[in-house]
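Hello,

Here is the structure I promised to hand over. Please open it and keep it beside you while you read my notes below.

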Amino acid sequence: MKVLMLNGSPKAQGNTNRALTEIGEQLKKEGIDYEIFQIGAQPIRDCIGCGQCTEAGCVFTDDVVNAFVQKAREADGFIFGTPVYYAHPSGRIQSLLDRAFYASGAAFAFKPAAAVAVARRAGTTASVDVLQKYFGINNMPTVPSTYWNVAHGRVPGEAEQDLEGMQTMRNLARNMAWMLKCIEAGRKAGIEHPDVEKGTRTNFIR
């Protein structure tokens with residue numbers, strides 16, 4: 001089993017990466033593989049609702065969105081990590097996830113996920129809330145921890161000094177491993193994910 005983690009910071013070795021690495025190290029102790037997908041610093045298009053999605057993902061191929069989707073298809077669980085900009089997730093992670101979920105929601109459905117936010121001071125819980133909304137509309141179980149999934153730090157590496165934050169990351173990893181193993185055990189026992197009704201979309205504007 002493998003967890004795909006998205007680092008929504010343009011800084012590959014910043015505090016968001018440090019929080020994700022803490023999760024990854026604990027996942028390995030639990031027998032779960034992981035990969036951190038670095039979003040990078042290059043521009044990422046917004047979703048424009050063009051409806052031209054393809055089997056490969058988004059019709060636009062000039063950024064990392066479809067590369068992430070391809071890895072998502074093979075993953076068993078997800079951690080989406082973001083730095084906090086003005087009490088909100090980074091714009092690039094939202095643009096990536098908007099397009100990935102719009103074009104390829106099936107790659108994520110019924111797979112457990114969690115959101116992690118890292119800030120100098122404030123805006124972390126609001127950022128986690130934004131990212132968790134992707135899970136709620138796509139049949140994804142949300143993985144809990146023992147506190148909000150946040151860590152604090154300003155300069156790279158400083159988040160490591162947030163002992164409670166690092167503890168929260170490790171407990172999040174333990175819960176992710178437990179949930180993945182429960183899902184796998186259920187699958188071996190013949191329990192598959194539920195069928196869901198699709199097709200009804202109510203428009204209240206007449």
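K133 and D129 both sit in helix 4 (residues 124–136), four residues apart, which is about one turn of the helix. Their side chains meet in a salt bridge, at 2.6 Å from N to O. K133 has 49% relative accessibility, so K133 counts as partly exposed. D129 is partly exposed too, with a relative accessible area of 39%. Before you go on, please keep in mind that this is a predicted model.

**Salt bridges elsewhere**

How many salt bridges does a search of the whole structure find? The search finds nine. Here is the general idea behind them. Side chains of opposite charge can pair when their charged atoms come close.

Take E160 and R18. Their side chains meet in a salt bridge, at 3.3 Å from N to O. E160 lies in the loop between strand 5 (150–152) and helix 5 (163–188), while R18 lies in helix 1 (residues 15–29), so this pair ties together parts that are 142 residues apart in sequence. R18 has 16% relative accessibility, under the 20% cut-off, so R18 counts as buried.

Next, look at D63 and R99. Their side chains also meet in a salt bridge, at 2.6 Å from N to O. This pair links distant parts of the chain. D63 is in the loop between strand 2 (33–38) and helix 2, R99 is in helix 3, and the two are 36 residues apart. D63 counts as buried, because its relative accessibility is 16%. R99 is buried as well, with a relative accessible area of 2%.

**Helix 2 against helix 3**

Stay with helix 3, where R99 lies. The axes of helix 2 (residues 65–74) and helix 3 (residues 91–104) come within 10 Å. They cross at roughly 55°. The two helices are therefore oblique to each other. Helix 2 passes helix 3 in a right-handed crossing.

Which residues meet here? From helix 2 come V65, F68, V69 and R73. From helix 3 come L96, L97, R99, A100 and S104. By class, this contact has six nonpolar residues, one polar residue and two charged residues.

**Helix 1 against helix 5**

Now turn to the other helix pair on my list. The axes of helix 1 and helix 5 come within 8 Å. They cross at roughly 45°. Helix 1 and helix 5 are therefore oblique to each other. Helix 1 passes helix 5 in a right-handed crossing.

Helix 1 brings R18, A19, E22, I23, Q26 and L27 to the contact. Helix 5 brings M166, M169, R170, L172, A173, R174, M176 and A177. The residues of this contact divide into nine nonpolar, one polar and four charged. R18 is one of the residues in this contact, and R18 also bridges to E160.

- Q94 is found in helix 3. With 19% relative accessibility, Q94 counts as buried. Leaving out residues up to four places away in sequence, Q94 touches H88, P89, V130 and Y134.
- T16 is in helix 1. T16 is buried, with a relative accessible area of 4%. Again leaving out residues up to four places away in sequence, T16 touches N7, S9, G81, T82, P83 and V118.
- K28 is in helix 1 as well. K28 counts as exposed, because its relative accessibility is 56%. K28 and K188 are 160 residues apart in sequence and 22 Å apart in space, from C-alpha to C-alpha.

**Where to start**

Begin with K133 and D129 in helix 4. Then find E160 and R18, which meet in a salt bridge. After that, follow the crossing of helix 1 with helix 5. Finish with the crossing of helix 2 with helix 3.

Best wishes

Note on methods
Residues numbered from 1 in each chain as written. Predicted model: local features only at pLDDT ≥ 70, side-chain atom pairs only at ≥ 80, totals over all residues. Heavy atoms only, no water. Axes fitted to C-alpha atoms, helices over the stretch in contact; angles between N-to-C directions. Parallel < 35°, antiparallel > 145°, perpendicular 65-115°, else oblique. Left-handed = near helix turned anticlockwise from the far one by under 90°. Contact = heavy atoms within 4.5 Å. Nonpolar A, V, L, I, M, F, W, Y, C, P; charged D, E, K, R; others polar. Salt bridge = Lys/Arg side-chain N within 4 Å of Asp/Glu carboxyl O. Buried < 20%, exposed > 50% of the residue type's maximum accessible area, 1.4 Å probe, protein only.
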